[in-house]
Structures are given as structure tokens and as C-alpha cells.
Amino acid sequence: MEDHFFEQIIKNPLEQPNIPPNEVISLWAEKLIQVLFPENSPKVFSTIIDVKEYVAVLELELYDIISASCKLKNSECKNAAGQFFEELPALYRVLNTDIVAIYEGDPAAQSRFEVIRTYPGFYAICFYRIAHMLYNFGIPLVPRILTEYAHSKTGIDIHPAASIGEYFHIDHGTGIVIGETSIIGRYVKLYQGVTLGALSVKKTLAGRKRHPTVEDRVVIYSGATILGGETIIGHDSIIGGNVWLTESIPAFSTAYHSPIITIRNHKETK
């Protein structure tokens with residue numbers, strides 16, 4: 001290979017080479033989740049002082065991460081680390097509502113401990129809620145790194161800009177996609193393979209609402225696809241499996257897919 005090829009690699013414009021690797025940023029979030037939910041933590045805290053000291057270390061780590069990433073936009077957002085940790089009690093409270101929703105909404109869940117320790121839906125929600133807080137502080141790149149890490153681990157793809165209310169329940173979860181401008185209300189339950197997507201992916205639509213709004217207490221079963229920024233799923237509705245929706249439905253609706261199924265009795269063919 002010619003030297004100019006390697007020269008091109010060296011000169012390839014990295015926006016900010018000193019941003020920590022994705023694994024380091026994701027590990028920070030893992031450690032934060034372990035503090036909030038020690039059911040998942042190898043570390044044992046015996047006193048309040050121990051917890052406070054460890055949280056202070058995590059705040060410094062976040063400061064370093066943010067300091068590097070904020071240079072991407074030349075923004076002054078380093079103080080977001082302190083603001084984030086001031087909001088930690090609020091994050092903890094809303095994550096506990098998600099635990100309640102999953103535990104009470106899944107007959108297979110034996111305990112809240114089981115939800116915290118084993119449910120990929122809760123894992124993805126944790127990463128999303130951390131990323132969403134950072135996104136709201138105007139931090140570039142880091143929120144997306146976090147949600148894509150959770151995506152790679154769970155198969156659940158939630159954009160950090162999406163707005164999701166309390167008591168959010170993801171059941172099974174694999175293949176769920178929640179787009180950037182999605183709005184989801186409280187007590188919403190999604191099964192595997194659900195897509196809240198856009199009708200069009202044209203770059204000119206950036207910044208516009210392209211993804212659906214799902215109001216409170218909606219259940220969306222596996223494989224359903226709901227598209228469009230003007231599409232609203234009214235509260236207390238049920239969306240059946242494999243439904244394809246590109247228009248709004250009113251509250252208390254039931255939408256279902258009705259395929260034609262033919263069953264052949266093998267005995268009759270003999």
C-alpha cells in the first residue's frame with residue numbers, strides 16, 4: 001500500500017480525538033446505575049459517606065467526559081456535570097416508577113430484584129433516562145453513545161431525544177425502535193419489535209417532528225409499526241401485533257391486524 005493511503009488516515013478529521021472511548025463513557029453510566037441499584041453492583045457501600053464519596057468521583061468523571069465532548073460545539077456546558085448530579089434524586093424516582101410498571105405488568109416477574117438484575121428493558125430504560133438528561137443539558141454526542149451502547153447490548157434502540165413519561169414498561173424488548181421526536185406518555189407498555197418511526201427519512205426533515213405521539217396508558221403489541229410526526233395514538237388504546245399505522249386514532253381505540261389464515265388438516269389429504 002502507498003504511503004498516501006496512511007497519510008489520508010492520519011489526516012482524517014477527527015472532531016475531538018481526546019473524547020474518551022465509547023467503552024469508558026458507557027462504563028461511567030454502568031457505575032452510576034450500580035450506585036442507584038446496588039442489586040447489580042459488585043461494590044458494597046456500608047455508610048452514607050462511602051456513597052457520597054463514590055458519587056463525587058462519578059461527578060468528576062462526568063465532568064471530564066463533558067469537558068472533552070463540549071469542545072465539539074465550543075459550548076460552555078462543563079457545569080452540566082454538577083447540574084446532572086443535582087437531578088440524581090429525580091432520576092432515581094422516575095426509574096423506580098419504571099421498575100413498578102415492569103414488575104406489576106409482567107406476570108413472569110417474581111420480584112423487583114429480578115427486574116433490576118435481569119430485564120433488558122429496564123437496562124435500556126436506565127441508559128435512555130441518563131442519556132435524555134444529558135441531552136436536555138445540551139451535551140453533544142455523549143447521550144447518543146450511551147443509548148447506542150444499550151442498543152448493542154439489548155437490541156432496544158431509543159433515541160436520547162425522545163420524550164418518555166413515567167411508569168414505562170418494555171416487555172422482552174428486542175427490536176424496539178423509538179425515534180428521535182417520539183413522545184410517549186405515562187404507563188405505556190411496548191412489546192418486542194415495535195417501531196415508532198418516521199414516514200420519511202429525508203435529511204431536509206431534520207429538526208421537525210417526524211415520529212408519533214403515544215398518549216397515556218397505551219399498550220402496543222409485538223411487531224406493530226407506527227409512523228409519522230402527526231400520528232397520535234389516543235390514551236387508553238390497544239395496538240395489536242403487526243399493526244401498521246400512519247394516521248391518528250382516538251382514545252380508547254383498539255387496532256388489530258386481521259390476516260387470512262388457512263389451516264390444512266393433514267389427515268384430510270391422505
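Are Arg 129 and Asp 98 buried or exposed? Arg 129 is buried, and so is Asp 98; buried means under 20% relative accessible area, exposed over 50%, and partly exposed in between, with a 1.4 Å probe and protein chains only.

Before I go on, a word on the model. It is predicted, so local features need pLDDT of at least 70 and side-chain atom pairs count only at pLDDT 80 or more, while totals for chains, interfaces and linings use all residues. Residues are numbered from 1 along each chain as its sequence is written, and side-chain values use heavy atoms, leaving out hydrogens and water.

Back to that pair. Arg 129 forms a salt bridge with Asp 98, with the closest N and O atoms 2.7 Å apart. Arg 129 lies in helix α7 and Asp 98 in helix α5, so the pair ties together parts that are 31 residues apart in sequence. A salt bridge here is a side-chain nitrogen of Lys or Arg within 4 Å of a carboxyl oxygen of Asp or Glu. By this rule the count comes to seven. Helices (H or I, at least four residues) and strands (E, at least two) are DSSP runs, numbered from the N terminus.

Another salt bridge joins Lys 31 and Glu 61, at 3.0 Å between the closest N and O atoms. Lys 31 is in helix α2 and Glu 61 in helix α3, 30 residues apart. Lys 31 is buried at 19% relative accessible area, whereas Glu 61 is partly exposed at 26%.

Next, the core. The largest nonpolar core has 71 residues, and Trp 28 and Phe 84 touch the most other members. Such a core is a set of buried Ala, Val, Leu, Ile, Met, Phe, Trp, Tyr and Cys residues joined through side-chain atoms within 4.5 Å. Helix α7 gives the most to this core, eleven residues. Leaving aside residues up to four places away in sequence, Trp 28 touches several residues, including Leu 58, Glu 61 and Phe 84; contact means heavy atoms within 4.5 Å. The buried residues of α3 pack against α2, α4, α5, α7 and α8.

Last, the strands. Five of them form an open sheet with parallel pairing, in the order β3-β6-β9-β12-β14. Two strands pair if DSSP finds at least two bridges between them. The edge strands are β3 and β14, each pairing on one side only. A four-strand open sheet, also parallel, has the order β2-β5-β8-β11. Its edges are β2 and β11, each with a single partner strand, so one side of each is left without a neighbour in the sheet.
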